[in-house]
Amino acid sequence: MLAVQDAPAAVDWYKRALGATELWNLGGVAGLSIAGAPVFVGQPENNGWDAPAVAGTRTVRVEVFTDDPDEFIERAVAAGADGSIDEIRDHRAPWGIHRQGGFIDPFGHLWLVGDKSPLQRFPAN
């Protein structure tokens, strides 16, 4: 679950910027689907965890694998994400050439977006 200070604003941004689908919404907590993966967002409300802005640091790194990481990142940056953290480029990885970049969303979470998952190369037994 991603800690956010304003869950309704986060739900709106993730839907608009990342193409999220809302699965359910209880106001301060919501379930989304982003690139086919379930993601929850919630307002911490002083219960032992905090949003990055309150903690003063990044509290999570989200990794997403998609067919077109360039488009995913461009859409996020166009909607207000900070794309200067990790410009998209080709990386050499054990599972082959891997195109990846990143951004920080308006709620302080670091997202890395790539075109190939290591799970493709290293399947579960």
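Trainee: How many residues does H1 have, and what makes its span close to the expected one?

Mentor: First, a caution. This is a predicted model, where local features need pLDDT of at least 70, side-chain atom pairs count only at pLDDT 80 or more, and totals for chains, interfaces and linings use all residues. Residues are numbered from 1 along each chain as its sequence is written, and side-chain values use heavy atoms, with hydrogens and water left out. Now H1. It has twelve residues. The expected span is 1.5 Å times one less than the number of residues.

Trainee: Why is Leu-2 called buried?

Mentor: Buried means under 20% relative accessible area, exposed means over 50%, and partly exposed lies in between (1.4 Å probe, protein chains only). Leu-2 has 5% relative accessibility, so Leu-2 counts as buried. Leu-2 lies in strand S1.

Trainee: And what is Ala-35 called, by its relative accessible area?

Mentor: Its value is 48%, so Ala-35 is partly exposed. Ala-35 sits in the loop between S3 and S4. Its phi is near 55°, which is positive although the residue is not glycine.

Trainee: How do you know that the buried residues of H1 line one face?

Mentor: Start with the list: Ala-7, Ala-10, Val-11, Trp-13, Tyr-14, Ala-17 and Leu-18 are buried. Look down the helix axis. The arc is taken from the directions from the axis to the C-beta atoms. Here the buried residues fall within 165°, so they line one face of H1. In general, an α-helix has 3.6 residues a turn, so residues three or four places apart point the same way.

Trainee: What makes a set of residues a nonpolar core?

Mentor: The members are buried Ala, Val, Leu, Ile, Met, Phe, Trp, Tyr and Cys residues, joined through side-chain atoms within 4.5 Å. The largest core here has 25 residues. Trp-13, Ile-34 and Phe-103 are among those with the most contacts inside it. H1 gives the largest share of this core, seven residues.

Trainee: How do you know that S3 and S4 pair?

Mentor: Two strands pair if DSSP finds at least two bridges between them. S3 and S4 have six bridges, in the antiparallel sense. S1 and S4 have two bridges and run parallel. Leu-2 stands opposite Val-41 there.

Trainee: Why are S5 and S6 called edge strands?

Mentor: Four strands form an open sheet in the order S5-S8-S7-S6, with mixed pairing. S5 and S6 each pair on one side only. Five bridges join S5 to S8, and these two run parallel.

Trainee: What lies across this sheet, and at what angle to S7?

Mentor: H3 lies across S5, S6, S7 and S8, at about 5° to S7. Such angles run from 0 to 180 degrees between N-to-C directions, using lines fitted to C-alpha atoms, for helices over the stretch in contact.

Note on methods
Contact means heavy atoms within 4.5 Å.
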